[in-house]
Amino acid sequence: MSLIKHIPNTITCLNLFSGCMSVVAAANADLHTAFLWIVSAAIFDFMDGFAARLLKAYSPMGKELDSLSDVVSFGVAPGMIVYALFSQAAMQLQLQGNWAVLLPLFAFVIPVFSGLRLAKFNIDDRQTSSFIGLPVPAHALFWGSLAYSVQAWLPTYASWLLYGGIILACLTSYLLISEIPMFSMKVKSVAWKGNEYRYILLLAAILFITLWGYLGVTGAIVLYFILSLFNRNK
């Protein structure tokens with residue numbers, strides 16, 4: 001029994017390891033591998049909570065470890081991915097001096113606001129069955145898939161990717177700490193009623209990924225946000 005209680009925390013550590021590997025890949029400008037490690041982290045993030053509920057192995061340490069792991073995997077890692085993209089765009093534009101150094105740093109609004117989002121989540125008792133603000137794993141998957149997908153466009157659209165990317169990073173980071181209700185993917189039953197938006201999102205994600213590849217993940221996260229707005233107005 002003593003070993004069983006450590007299973008959720010072990011899975012959480014795998015989440016953290018995946019986040020670290022994503023950072024390493026992003027530092028080497030390998031955005032494909034960096035994104036895949038974020039996907040791995042998201043899977044482990046889902047599994048640790050599932051294992052904790054299944055095994056009834058909750059602990060204060062597990063809660064803190066989960067948040068610390070998420071800061072790395074869904075804050076620092078996507079921030080590094082976007083920083084690598086912005087840096088490549090700045091080089092493509094042949095920016096010099098302070099602009100070349102400072103503009104890519106806007107990517108780090110992502111880990112800063114992800115940390116704020118996680119701290120807010122830990123002290124907010126309204127988010128037991130749903131979310132308020134965009135969840136950090138969804139935000140990380142959005143940026144990981146988008147940055148890798150548009151990397152090939154750098155020679156032609158470097159200016160759009162840098163300046164438009166900075167604006168988008170600020171907007172999506174704000175969504176992390178917004179008061180917009182977002183539904184959770186946790187289900188209490190497999191019935192259609194009450195899970196309509198979850199099933200729509202799942203089917204759409206499969207379709208998007210089939211049609212658009214990794215960019216389909218970005219599309220699925222956008223759809224998740226839109227469906228949450230509809231769900232809010234029900």
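Tutor: Rings of Phe, Tyr and Trp, the last taken by its six-membered ring, form a pair if their centres lie within 6.5 Å. The structure above is a predicted model.

Student: How many aromatic pairs does that rule give?

Tutor: By this rule, the count is 11 aromatic pairs.

Student: What kind of pair do Phe17 and Trp37 make?

Tutor: Their ring centres are 5.9 Å apart and their planes stand at 85°, so the pair is edge-to-face. Planes over 60 degrees apart count as such. The pair links distant parts of the chain, with Phe17 in helix 1 and Trp37 in helix 2 (residues 31-55), 20 residues apart.

Student: Are those two buried or partly exposed?

Tutor: Phe17 is partly exposed, because its relative accessibility is 45%. Trp37 is partly exposed as well, with a relative accessible area of 24%.

Student: And what about Phe183 and Tyr197?

Tutor: Phe183 and Tyr197 form a stacked aromatic pair, 6.3 Å centre to centre with 25° between the planes. Phe183 belongs to strand 2 (residues 181-183) and Tyr197 to helix 8 (residues 196-212), so the pair ties together parts 14 residues apart in sequence. Phe183 has a relative accessible area of 5% and is therefore buried. Tyr197, at 19% relative accessibility, counts as buried too, because the cut-off is under 20%.

Student: Which residues form an aromatic cluster?

Tutor: Phe35, Tyr148 and Tyr214 form one aromatic cluster.

Student: New topic: helix 3. Why does its length agree with what one expects?

Tutor: Helix 3 covers residues 60-92, which is 33 residues. At 1.5 Å a residue it should span 48 Å, and its end C-alpha atoms are 47 Å apart, so the two values agree.

Student: Where is the kink in it centred?

Tutor: The kink in helix 3 is centred on Asp70 and amounts to about 25°. After helix 3 comes Gln94, whose phi is positive, near 60°.

Student: Back to helix 1. What does Leu16 touch?

Tutor: Leu16 is in helix 1 (residues 7-27). Apart from neighbours within four places in sequence, Leu16 is in contact with Ser69, Val72 and Ser73. The C-alpha atoms of Leu16 and Val72 are separated by 6.6 Å, although these residues are 56 residues apart along the chain. Leu16 counts as partly exposed because its relative accessibility is 26%.

Student: Last one: is Thr172 buried or exposed?

Tutor: Thr172, in helix 7 (residues 154-176), counts as buried because its relative accessibility is 8%.

Student: Which side chain does it have a polar contact with?

Tutor: A polar contact of 2.9 Å joins the side chain of Thr172 to that of Trp143. Beyond its neighbours within four places in sequence, Thr172 is in contact with His139, Phe142 and Trp143.

Terms used. Residues numbered from 1 in each chain as written. Predicted model: local features only at pLDDT ≥ 70, side-chain atom pairs only at ≥ 80, totals over all residues. Heavy atoms only, no water. Helix = DSSP H or I, 4+ residues; strand = E, 2+ residues; numbered from the N terminus. Buried < 20%, exposed > 50% of the residue type's maximum accessible area, 1.4 Å probe, protein only. Polar contact = N/O pair within 3.5 Å; in protein donor to acceptor, adjacent residues only side chain to side chain. Contact = heavy atoms within 4.5 Å. Expected span 1.5 Å × (residues − 1). Bend = angle between axes of the 7 residues up to and from the residue. Phe/Tyr/Trp six-rings, centres within 6.5 Å; stacked < 30°, edge-to-face > 60°.
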